[in-house]
Amino acid sequence: MEPQPVIQIENIRKTYFMLAGQVNALKGVTISVTRGEMVAVMGPSGSGKSTLLNIIGYLDRTSEGSYLLDGIDVSGMSRDQLAAIRNRKIGFIFQGFNLLSRTSALVNVQLPLLYAAEGPAAKKELDRRALEALSWVGLDKYSHPGGQQQRVAIARALVNNPSLILADEPTGALDTRTSLEVIDVIQKLNKEKNITVVMVTHEPQIARYCQRIIRVRDGRIQENEKVDSPGVAARDLKEMPEVED
Ligand code: ADP
Ligand code: MG
């Protein structure tokens, strides 16, 4: 059976209109991502990576072109309809993680669904899901987001049981070991839960853990490279010397 494309983007353009003039952030981008793939998006700063990711995640709309997610064309949908699909299918890991530092890991993980959960039954179900998501990343409800930001952020992306995870520079400000731990969790989600992953990174050594690298430059796809034998973070973590503390 042909692998099913989960993301089908054809010739999309994105133009931002500013007082100072217009910015053509995407100038005709065509890509497709297959279910279960783990793809890196690379490119210089300002090349349109975040814009592309935001469009894939329905956080932004295209100016032109078509985008099908799971075969569904969303161009005519209202904001509420988009939000509903987003809540059902997509988990986000943002750059800098966007967590509330004074709030428990549990509540941080529940945040994307908190406003939708009305009534005790829905709250209980949300608790159950959040605890399951936390345990997936090796945390529990007593964990504080403090030193575990990246794990909490991943658990939060998982809470709606998404089929697609979008991550914008998830290892941006992290040391090598912590970066590998993040990639390890993402790889496990990809393999064991068959979650499709699209991850923006500017680090070549991180991109090599993905099966494919899409390079963006000046709002265009420059290259689409299949990675021969992608790295396995769990293996590389084992080979890393332990840090003494
Ligand atoms: P990258 O993530 O690759 O650094 P972005 O997608 O954030 O690039 O930005 C691509 C271009 O679009 C840049 O020139 C940026 O300044 C511009 N841009 C991004 N978001 C906005 C916005 N909300 N309003 C105006 N211009 C934007
Ligand atoms: Mg960016």
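In this predicted model, a backbone N or O atom of Gly48 lies 3.1 Å from an oxygen atom of ligand 1.

| Residue | Atom of the residue | Distance to an oxygen atom of ligand 1 |
|---|---|---|
| Gly48 | backbone N or O atom | 3.1 Å |

The shell around ligand 1 includes Tyr16, Met18, Pro44 and Thr51, a residue being near if one of its heavy atoms lies within 4 Å. By class, this shell has five nonpolar, six polar and one charged residues, with Gly counted as polar and Lys as charged.

Elements are DSSP runs (helices of at least four residues, strands of at least two). β1 (5-18), β2 (21-34) and α1 (49-56) each give two or more residues to the shell around ligand 1. The most comes from α1, with three residues.

Elsewhere, helix α5 (residues 149-158) packs against helix α6 (residues 176-192) at an angle of about 20°, their axes 10 Å apart. The two helices, α5 and α6, are therefore roughly parallel to each other, a term for angles under 35 degrees.

Residues are numbered from 1 along each chain, and chains are lettered from A and ligands numbered from 1 in the order written. Local features need pLDDT of at least 70 and side-chain atom pairs 80 or more, whereas totals for chains, interfaces and linings use all residues; side-chain values use heavy atoms, without hydrogens and water.

Note on methods
A polar contact is a pair of N or O atoms within 3.5 Å; within protein, one must be able to donate a hydrogen and the other to accept it, and residues adjacent in sequence count only if both atoms are side-chain atoms. Axes are lines fitted to C-alpha atoms, for helices over the stretch in contact, and angles run from 0 to 180 degrees between N-to-C directions. Angles under 35 degrees count as roughly parallel, over 145 as roughly antiparallel, 65 to 115 as roughly perpendicular and the rest as oblique.
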